[in-house]
Amino acid sequence: MISTLLVANRGEIARRIGRTARRLGMRVVQVASEADRFTPAALEADECIVIGPAAARDSYLNIEAILEAAKVSGADAVHPGYGFLSENAGFAEALAEAGIRFVGPRPEHLTGFGLKHTARAIAEASGVPLLPGSGLLESLEEAQAEAARIGFPVMLKSTAGGGGIGMRLCKDAGELAEGYDSVLRLARASFGDARVYLERFVATARHVEVQIFGDGKGGVVALGERDCSLQRRNQKVIEETPAPGLSDAIRATLRDSAIALGQQVSYESAGTVEFIYDVARDAVYFLEVNTRLQVEHPVTEEVFGVDLVEWMLRQAAGDFVLPAQDSFVPTGHAIEGRLYAESPAHGFRPSAGRLTEVVFPKGVRVDGWIETGTEVTPWYDPMLAKIIVRAESREAAIAAFGRAVAETKVAGIETNLDYLGAIAASDAFRSGKVTTAVLGAMPFTPRAIDVVAPGTQSSIQDWPGRLGLWDVGVPPSGPFDDRSLRRANRLVGNPEGAPALEMTL
């Protein structure tokens, strides 16, 4: 059993894990950086331990500090969430040596699937379809020979890469020669591992993945497939399940391949097997395995009526029996959109600051960590929340997602909220003909004014201003020319008192 659980993560996933653990009767200890000590996850926990400064390397990636927090708090188990140390075999082994349970796959699973070339070897042994590719390359000359055998274009990949880092598309021998050394340098700098290999490039591709869960004894179930093709710069934005437009045969191949891969290693806990779907060839190929909970797991939970976080915690506590595969019957369609703190008007660069208003629609699942007054810092991933809807059909789910985005309000910093709405309304999304290239080609003009250099007489004003507060020292302010401000608002369809940029001469 688990009496005390330490949560070694932050943001919405830390909050979700903490709430689930408390529902199961566990005492929750939350670690936090100095920047996160007053976030909801930290405040809701039974105990919060500050483990270091804001920088992730000094806090959430600091194995020694987290291990010490686990020992001091008397934690029986540690849940790593996703990102940070969630796929770090050394962290899992250090916990085991201290007699503390790692809530996740076993270290050998983290190691075996942690490098792409070893994951490909396991997939090959499992009979899972693979993209034509090479083994690890020793030289540029070997790379050129292998590329000629595979056929251009090819992807040059770091075996330790992730998130689109350490990858380069090479359309011919010249581009391969030009990019070979730079990919090696980037891989060595980013991951401490400069080993690379080649894979055939799929021009029109979809990113489809299968959620699996294993009992560690050879039993593995697959809970449908998710389409995660809507990505911007290799960062997922919208995910859904079931994946639209796939044949029953392709779905069966995805399911059976994922189960076979998990059974090959007697996989334990939650994991995701990722595939590339080649639209032109109508075929799927193994990509990689994420040995952890995925950000997009809620859509699977909504369609199958399960709680994957609860499964992980109960399994770690020794109180879980894996249900039979035929007991899982999907119901309806689910969509998740990631709400990011980023500025579409500035190339989607991250934004930071205090949130002055946060409103989410009622009746919609929102996994988030923000509320009015939350300070969003520049130190971490910019994801603020996940907006999740489920409906009986894909069409109804798209409509529900569009309404949920329209009813969400986040003020104080720039977010991608309008961008999510534009995607939901796009023909490409509605048709289901999504690929990994769709968002890169989708036109989007944010509704925003960018004040590059404000003058001393330029200000944001609304009408009628702050009335009724003179007695506590707050002047009414308001526009210098309220008639013009109200007329301008009427011209563009705004409420007449909406905030406007006023420049006074």
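Where is the place of Pro153? Select Pro153: the loop between helix H7 (140-150) and strand S6 (154-162) holds this residue. Helices here are DSSP runs of H or I with at least four residues, strands are E runs of at least two, and both are numbered from the N terminus.

Some ground rules before moving on. This is a predicted model, with local features needing pLDDT of at least 70 and side-chain atom pairs counting only at pLDDT 80 or more, while totals for chains, interfaces and linings use all residues. Residues are numbered from 1 along each chain as its sequence is written, and side-chain values use heavy atoms, with hydrogens and water left out.

**Stop 1: two cis prolines**

Stay on Pro153. The peptide bond from Phe152 to Pro153 is cis, with omega near 0 degrees. Now jump to Pro242, in the loop between strand S11 (235-241) and helix H9 (248-264). The bond that joins Thr241 to Pro242 is cis as well, with omega near -5 degrees.

**Stop 2: the five-stranded sheet**

Select strands S1 to S5. They form an open sheet in the order S3-S2-S1-S4-S5, with parallel pairing. Strand S3 (47-52) and strand S5 (101-102) are the edges; each has a single partner strand, so one side of each lacks a neighbour in the sheet. Two strands count as paired if DSSP finds at least two bridges between them. Zoom in on strand S4 (residues 77-79), which pairs with S5 in the parallel sense over two bridges. Ala77 stands opposite Arg101 in S5.

**Stop 3: helix H3**

Next, pick helix H3 (residues 63-73). Its buried residues include Ile63, Ile66, Leu67 and Ala70. Buried means under 20% relative accessible area, exposed over 50%, and partly exposed in between, with a 1.4 Å probe and protein chains only. Among the elements covering the buried residues of H3 are strand S1 (4-7), strand S2 (27-33), S3, S4 and helix H4 (89-97). Show the start of H3: a side-chain oxygen of Asn62 comes within 3.3 Å of the backbone nitrogen of Glu64. Then look past the other end. Gly74 follows H3 and has a positive phi, near 75 degrees.

**Stop 4: helix H10**

Go to helix H10 (residues 297-304). Seven of its eight residues are buried. Those buried are His297, Pro298, Val299, Thr300, Glu301, Val303 and Phe304. Just after H10 comes Gly305, with a positive phi of about 65 degrees.

**Stop 5: Ser269**

Which residue other than glycine has a phi near 80 degrees? Select Ser269, where phi has that positive value. Ser269 sits in strand S12 (residues 268-278). Its relative accessible area is 1%, so Ser269 is buried.

**Stop 6**

Move to strand S15 (residues 342-343) and pick Ser343. Ser343 is buried, at 4% relative accessible area. Its side chain makes a polar contact with the side chain of His346 (2.9 Å). A polar contact is a pair of N or O atoms within 3.5 Å; within protein, one must be able to donate a hydrogen and the other to accept it, and residues adjacent in sequence count only if both atoms are side-chain atoms.

Leaving aside neighbours within four places in sequence, Ser343 is in contact with Phe348, Arg349 and Glu414. Contact means heavy atoms within 4.5 Å.

Phe348 lies in the loop between S15 and strand S16 (349-350). Phe348 is not a glycine, yet its phi is positive, about 65 degrees. Its relative accessibility is 14%, so Phe348 counts as buried.

**Stop 7: the second largest pocket**

Finish at the second largest pocket, which holds about 1,400 Å³ of space. Of its 39 lining residues, Glu414, Asp418, Arg447, Ala448 and Ile449 are the closest to its centre. On a 1 Å grid over the protein atoms alone, a pocket is an open set of points with protein on both sides within 12 Å along at least five of seven lines, and lining residues have an atom within 4 Å of a point. Grid points are joined across faces, edges and corners, and the volume is the space filled by probe spheres set on the points. H13 gives the most to this lining, with five residues.

Key:
1 Å grid on protein atoms, 1.4 Å probe; cavity = no way out; pocket = protein on both sides within 12 Å on 5 of 7 lines; lining within 4 Å.
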